[in-house]
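Hi,

Here is the model I said I would pass on.

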Amino acid sequence: MERAGVGPPLHVHNVDEWFFVFSGSMDMQVGPRELTATAGDSIWIPRGTDHGFTTTEETHVLNGYAPGGVEQIIAGIATPAERRELPPKDLELPNPEAFGRLLDNYWSSLSSNTWAQTAPQR
């Protein structure tokens, strides 16, 4: 679950990524395309494709990667849940600069990084 106005800056992975939107909506950039994903939409993002999104309302999505491993990024920016329930609406999120630094690793890079622009997976 993501609240409105949340999402990562433009970035790229060396693995494929996909989203399935259960409810809500998010504005996405996938390569040169701009789209709005809403309930029932499935979005496939091939490895090496610049992408980012911003939720436009509270949004529930299933997100996955192939092959696995990128979930380590999510664990790095996550706050462990105290109980099996949705996080409180006032949960503090990482600031965009910190979020950007977390995306600069083996699995992912900000699209603006020079090395990512020439990576073989593109």
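Which residue in strand 7 is the bridge partner of W18? It is G64. Before going on, a word on the ground rules: this is a predicted model, with local features requiring pLDDT of at least 70 and side-chain atom pairs counted only at pLDDT 80 or more, while totals for chains, interfaces and linings use all residues. Numbering starts from 1 along each chain as its sequence is written, and side-chain values use heavy atoms, with hydrogens and water left out.

**The sheet**

Strands and helices here are DSSP runs numbered from the N terminus (E, at least two residues, for strands; H or I, at least four, for helices). Two strands pair if DSSP finds at least two bridges between them. On that basis, 3 strands make an open sheet, ordered 5-2-7, with antiparallel pairing. Strand 5 (42–45) and strand 7 (60–66) are the edges; each has a single partner strand, so one side of each has no neighbour in the sheet. Neighbouring strands are turned against each other by 15° on average, direction ignored (axes are lines fitted to C-alpha atoms, for helices over the stretch in contact, and angles run from 0 to 180 degrees between N-to-C directions).

Strand 2 (residues 16–23) is joined to strand 7 by 7 bridges, and the two run antiparallel.

**The cores**

F19 and I43 turn up again in the largest nonpolar core, which has 10 residues: F19, V21, M26, M28, V30, L35, A37, I43, I45 and F53. A nonpolar core is a set of buried Ala, Val, Leu, Ile, Met, Phe, Trp, Tyr and Cys residues joined through side-chain atoms within 4.5 Å. Buried means under 20% relative accessible area, exposed means over 50%, and partly exposed is in between (1.4 Å probe, protein chains only). Strand 2, strand 3 (25–30), strand 4 (33–38) and strand 5 are the elements that give two or more residues to this core. Strand 3 provides the largest share, 3 residues. Apart from this core lies another, of 6 residues, including V15, Y65, I73 and L103.

**A buried serine**

S25 sits in strand 3 and counts as buried, at 6% relative accessibility. Its side chain makes polar contacts with the side chains of T56, at 2.3 Å, and E57, at 3.1 Å. A polar contact is a pair of N or O atoms within 3.5 Å; within protein, one must be able to donate a hydrogen and the other to accept it, and residues adjacent in sequence count only if both atoms are side-chain atoms. Beyond four places in sequence, S25 is in contact with T36, A37, T38, T55, T56, E57 and T59.

**Salt bridges**

A salt bridge is a side-chain nitrogen of Lys or Arg within 4 Å of a carboxyl oxygen of Asp or Glu, and the count by this rule is 3. One of them joins R47 and D16, at 3.3 Å from N to O. R47 is in the loop between strand 5 and strand 6 (51–55), and D16 is in strand 2, so the pair ties together parts 31 residues apart in sequence. R47 is partly exposed at 36%, whereas D16 is buried at 14%.

E82, R83 and E85 are linked in a network of salt bridges. The closest N and O atoms are 3.5 Å apart for E82 and R83, and 3.2 Å apart for R83 and E85. E82 and R83 are both exposed, with R83 at 51% relative accessibility.

The A66 to P67 peptide bond is cis, with omega near -5°; P67 is in the loop between strand 7 and helix 1 (71–77).

E34, in strand 4, is exposed with a relative accessible area of 68%. E34 touches M28 and Q29, not counting residues up to four places away in sequence.

Cheers

Definitions and conventions: Contact = heavy atoms within 4.5 Å.
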